[in-house]
Structure formats: structure tokens, C-alpha cells
Amino acid sequence: MEEFAAHVYEADSIFYEGPLESLILPSEDGMVGILAHHSNLIMAIVPGIMRYKPPGQDYLEAAVSGGFLRISDNDVLVLVEAAEHPDEIDEERVRQHEIRAREALLHKQSIHEYNLAEARLRRAISRMNLASRRR
């Protein structure tokens, strides 16, 4: 399978840099798959599970927060606030984040605060889903 250059950056570190055969990311419209020679694109990423396939390996998965994707001339750049492998997820901490996010959604608040709480909830749920897969 053909490869493309990929750069996945978190807010404070590099999560992955190197060639990939395939990349699947969560978007508002569902999951978006990327292969070599994909058309140029800029897209928002929503909290969810990213799947990526380095050459000669099986798919790997990571929980990602919101961010952006840019594809330009077979070079893929992913910028997210955070990305975590399944073994890096502290399930108890995630449960607490989920509870706080659900409580925040129940309070009267501005639309902006509601959207932030909803994004935190989606991220917590995707992290729990990914962590439960490793068991």
C-alpha cells in the first residue's frame, strides 16, 4: 500500500511523525479516512478515536481531543489538544471527568459553556471506549 507523510502534534508534544498507509479521524460528519494522494483538505477534528496504520503494522488507536487536519501535497498534519494511547488512559480519572461534564450540561449556562461541556463529555466517552477495548 502507498504511504504518505504524517505529523500528529499535541499541544505540547509530538504524538507521531512518520509514514502512514492509512489514517482515520473523527469529524462532525463521521469518520474520515485518508490514504496516499488524498486531495488537499482542511477539516475540524472532534473528540473521538483516531486509527492509524504505519507501514507493515496493524492499525493503532488513540483517543484524540478536538483539533484540525490539513492535507497538502500528500503531507498530512494533525493538530489536537491531546492524544492518548489506550495504555495511557487512567479510567478512574476519565470517569470523574465524565461525571463533571454531565453535571455541567445540566446547569443553565451560555451556549459557549454548554458546547465546552459537551466536547469534554465526548472526549471522556471516547477515552473510556478506547480504554475498555484494551481489557
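How many residues lie between strand 6 and strand 7 in their hairpin? There are 6, and Gly56 in that turn has a positive phi of about 75 degrees.

Okay, quick housekeeping. This is a predicted model, so local features need pLDDT of at least 70 and side-chain atom pairs count only at pLDDT 80 or more, while totals for chains, interfaces and linings use all residues. Residues are numbered from 1 along each chain as its sequence is written, and side-chain values use heavy atoms, with hydrogens and water left out.

I'd like to walk you through strand 6, residues 48-53. Strands here are DSSP runs of E, at least two residues, numbered from the N terminus. Buried means under 20% relative accessible area with a 1.4 Å probe, protein chains only.

Now the pairing, where two strands pair if DSSP finds at least two bridges between them. Strand 7, residues 60-64, runs antiparallel to strand 6 with 5 bridges. Strand 3, residues 22-27, is also antiparallel to strand 6, joined by 3 bridges, and there Leu23 has Tyr52 as its bridge partner.

Let's look at Arg51. It stands opposite Glu61 in strand 7, and the two side chains make a polar contact of 3.5 Å (a pair of N or O atoms within 3.5 Å, one able to donate a hydrogen and the other to accept it; residues adjacent in sequence count only if both atoms are side-chain atoms). The charged end of Arg51 also sits over the ring of Tyr59, 4.3 Å from its centre; the cut-offs there are CZ of Arg, or NZ of Lys, within 6 Å of the ring centre and within 35 degrees of the ring normal.

Then the rings. A search of the whole structure finds 2 aromatic pairs, meaning Phe, Tyr or Trp rings (the six-membered one for Trp) with centres within 6.5 Å; planes under 30 degrees apart are stacked, over 60 edge-to-face, the rest tilted. Phe15 and Tyr52 have ring centres 6.1 Å apart and planes at 75 degrees, so that pair is edge-to-face. Phe15 is in strand 2, residues 14-20, and Tyr52 in strand 6, so the pair ties together parts 37 residues apart in sequence. Tyr16 and Tyr52 sit 5.5 Å apart, centre to centre, with planes at 55 degrees, so that one is tilted.

So what do the ring pairs link into a cluster? Phe15, Tyr16 and Tyr52. As for burial, Tyr52 has a relative accessible area of 4% and Tyr16 has 16%, which makes Tyr16 buried.

How values were computed. Buried means under 20% relative accessible area, exposed over 50%, partly exposed in between (1.4 Å probe, protein chains only). Helices (H or I, at least four residues) and strands (E, at least two) are DSSP runs, numbered from the N terminus.
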